[in-house]
Amino acid sequence: MDYLAELLAEHALSIDVTTLDANVCDASLRCLFDALTAAMAGQGAAGPVVARKALPLLYGSGASPVWFSGKTAPLLGALLHNGLCTSALDLDDGNRLARGHPGASVIPAVLTLAATRGGTTVHDILSSIIAGYDVGLRIAAAQRLEAIPTRQTGRWAAFAACAAAGRLLKVSQLHLAQGLSIA
């Protein structure tokens, strides 16, 4: 197991919105509203429209919400569609130091997963969003600029979504570290 993955997993699982400064909570709410607004605006773009049509053919039926459609799909299909909506118009939040868009990976992951499980609280959702942003942006900030000719969200977004999902699902540190290692 990668020691860094273990440290990041421990950190992500320890994040609790109630112990953080109120400004952090406010920032996570702004990120949430920003992502939902971007997703609403992007739902009619080509990618999400094609995804909605293809979901039943590619994934079959399921219980996870396909945003803005009144339909459901298996979790993977719903995650794909909801992420496409969020990033379709490139309106989603950005982080200049990371040169990427954490909300497009973190927010759809958290909200889609939360909708598929009972008992998820606002506290869980906000803590998971913060964990995803924190881990993803730490990894993005740790990139060696001289070694990477381009820096896009795709280089670190999987880590952000994994950390957020692990925090929301309250997995063990070992399982989250394994997920981060795979990401």
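1. Fold order. From the N terminus on, the elements run α-α-α-β-β-α-α-α-α-α. That makes 8 helices and 2 strands. Helices (H or I, at least four residues) and strands (E, at least two) are DSSP runs, numbered from the N terminus.

2. Basis. This is a predicted model; local features need pLDDT of at least 70, side-chain atom pairs count only at pLDDT 80 or more, and totals for chains, interfaces and linings use all residues. Residues are numbered from 1 along each chain as its sequence is written, and side-chain values use heavy atoms, with hydrogens and water left out.

3. Overall numbers. The protein has 183 residues, and 43% of them are buried. Buried means under 20% relative accessible area, exposed over 50%, and partly exposed in between (1.4 Å probe, protein chains only). The accessible surface is about 9200 Å², with 61% of it on carbon and sulfur atoms. Areas come from the Shrake-Rupley method with a 1.4 Å probe; for residues, only the protein chains shown count as cover. Take the contacts with a separation of 6 or more: 68% of them join residues 24 or more positions apart. Contact means heavy atoms within 4.5 Å.

4. Nonpolar core. The largest nonpolar core holds 38 residues. Such a core is a set of buried Ala, Val, Leu, Ile, Met, Phe, Trp, Tyr and Cys residues joined through side-chain atoms within 4.5 Å. Val106, Ile107, Ile125, Ile129, Val135 and Leu180 touch the most other members. Two or more residues each come from α1, α2 (22-42), α5 (103-116), α6 (122-141), α7 and α8 (173-182). The most come from α6, which gives 9 residues.

5. Ile125. Look at its partners beyond four places in sequence. Ile125 is in contact with Val110, Leu111, Ala114, Thr120 and Leu168.

6. Ala160. This residue sits in helix α7 (residues 157-169). Ala160 has a relative accessible area of 0%, so it counts as buried. Neighbours within four places in sequence aside, Ala160 is in contact with Ser105, Val106, Gly132 and Gly136. Ala140 is 20 residues away from Ala160 in sequence, and their C-alpha atoms are 9.7 Å apart.

7. Aromatic pair. The structure holds 1 aromatic pair. The ring centres of Trp67 and Phe68 are 6.2 Å apart and the planes stand at 75 degrees, so the pair is edge-to-face. Rings of Phe, Tyr and Trp (its six-membered ring) pair if their centres lie within 6.5 Å; planes under 30 degrees apart count as stacked, over 60 as edge-to-face and the rest as tilted. Trp67 is buried at 11% relative accessibility, whereas Phe68 is partly exposed at 35%.

8. Backbone points to check. Most residues other than glycine have a negative phi. Phe68 has a positive phi of about 65 degrees. Phe68 is in the loop between β1 (64-66) and β2 (71-73). Lys170 also has a positive phi, about 55 degrees. Lys170 is in the loop between α7 and α8, and counts as exposed at 53% relative accessibility.

9. Surface patch. Tyr3, Leu4 and Leu7 form a nonpolar patch on the surface, with about 330 Å² of accessible area together. Patches are made of residues with over 30% relative accessible area and no salt bridge: like charges are joined within 9 Å, nonpolar side chains (Val, Leu, Ile, Met, Phe, Trp, Tyr) within 5 Å. A salt bridge is a side-chain nitrogen of Lys or Arg within 4 Å of a carboxyl oxygen of Asp or Glu. Leu7 lies in helix α1 (residues 3-14). Leu7 is partly exposed, at 36% relative accessibility.
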